[in-house]
Amino acid sequence: MTEQGPIPQPEDVDRLWSRVVGRRAFLRGAGATAGVAVLPAGAARAATASAARRARLTRGDIAILRFLAAAELIEVDLWQQYAELGGVAGGNPAYIAALENLDGDMPQYISDNTDDEVSHAQFLNAYLASMGAQPVNLDAFRTLPSSKATGARQIGRLTNLQRNTVDTSWYTRYRSRRNPDFGASFPQAVNIRDEPLIPISDADTPPNQGQPVPPTNGQQRRMQAIANSAGFHFAFIEQGGSSLYTTLSLMVTSLEVLRIVVSIGGVEVNHFAVWHDKAGNAVNDPLAGVTDPETGVTFPNLNRPPFGGELFQTNLIMPEPTQFIRRNLPLCSVIRPSSRQNAGALAAVNALTADGLFNGQSPRFFRAARALAIAADAARRV
Ligand SMILES: [Fe+2]
Ligand SMILES: [Fe+2]
């Protein structure tokens, strides 16, 4: 999520909220009047079941669900690339070994996270169709090249994982008592710039090399740095999902859609918590200290000077209580950010773009993604 730009002050949020409440009261009145004036007797009985279901969803709810379906299809695409190479049935033994240096369960977690995203995308699209709304299909944009490394299928991709810049400020943000929705910004935990997140070729990282801790040659260090970067990227993606679902839930009208958004959103939070724990192992003994010889990306021990302390200590993985709603209320352990500006649909598209996930995508893709995002961010509770 972006942490730049003007941040709405709590007083503004209060004012906006009273405007929304006022508008809701107005719309209830308008709807009741229109119902009496326009509907002839028997018209409701004549309506088809699907039209009745469709009528229960506002344009805003449909826009939110459509953006979330697109976000899930994007998640599926990136997680499938991770799973092909590093999942429980993954095809690149050296990448798997490097991931297992973070935690022995990493391949299983990667496969399970992938399955969850597939279920999210399929469910959201099926629900949209069941309500007479248009599902989302991004197949026309599966144009990016696959990795050439052993294990990767050679198919078109929606997302790029071969050279990325990972925003790791989620790590310090969740350890801080300051909240981005109150204007705070946070340092990177690790500087991951222009780094692959999956092995890109066998010449670069041989698929059957050993991955000792510590790595003993350049290709092993490269592979470990790639796996460590992936570990931070997993948490980056899922914390983004946690904030996005929390934020969009506040704009939903239908209780059923709200149930969907908070129920899937809770699983994004669950994913984030797991990956937050695992990423810390890249920057703690015995794995800390790896540097990628190609890019210079380095993973210091964040428990030792000049790091350490509350913002960096690796086992402080529970969300630190932070400012919430108003500064004069007690600190509260919450998902953050959760404002439309910092964590809405457009903010999500911008964050994924800055991550390099869409490098090589067509202008048409960006137009489509932005259009879906703008429609979702325009949704209001009625
Ligand atoms: Fe998801
Ligand atoms: Fe997710």
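Reply: Buried means 20 or more other C-beta atoms lie within 10 Å of a residue's own, exposed means 12 or fewer, and partly exposed is in between, with C-beta atoms placed from the backbone. This is a predicted model, so local features need pLDDT of at least 70 and side-chain atom pairs count only at pLDDT 80 or more, while totals for chains, interfaces and linings use all residues. Residues are numbered from 1 along each chain as its sequence is written, and chains are lettered from A and ligands numbered from 1 in the order in which they are written.

Me: Ok, which residues touch the most others in the largest nonpolar core?

Reply: Ile-64, Phe-67, Ala-69, Ala-70, Leu-248 and Ala-376, in a core of 93 residues. Several helices each supply at least two residues, among them α4 (59-86), α8 (218-249) and α12 (363-377). The largest share, 17 residues, comes from α4.

Me: What does Ala-70 touch?

Reply: Leaving out residues up to four places away in sequence, Ala-70 touches Val-136, Leu-138, Ala-369 and Leu-372. Contact here means C-beta atoms, placed from the backbone, within 7 Å.

Me: Zooming out, how many helices and strands are in the protein chain?

Reply: The chain has 12 helices and 4 strands. Those are DSSP runs numbered from the N terminus: helices are H or I with at least four residues, strands are E with at least two. Of its 382 residues, 45% are buried. Among contacts with a separation of 6 or more, 75% are between residues 24 or more positions apart.

Me: Backbone now. Where are the cis peptide bonds?

Reply: One runs from Asp-285 to Pro-286, with omega near 5°. Pro-286 sits in the loop between α9 and β3 (290-291). Another joins Arg-336 and Pro-337, omega about 0°, and Pro-337 is in the loop between β4 (298-299) and α10 (340-343).

Me: Why does Asp-194 count as partly exposed?

Reply: Because Asp-194 has 13 C-beta neighbours inside 10 Å. Ile-325 also counts as partly exposed, because it has 14.

How values were computed: Contact = placed C-beta atoms within 7 Å. Core = buried A, V, L, I, M, F, W, Y, C linked by C-beta atoms within 7 Å.
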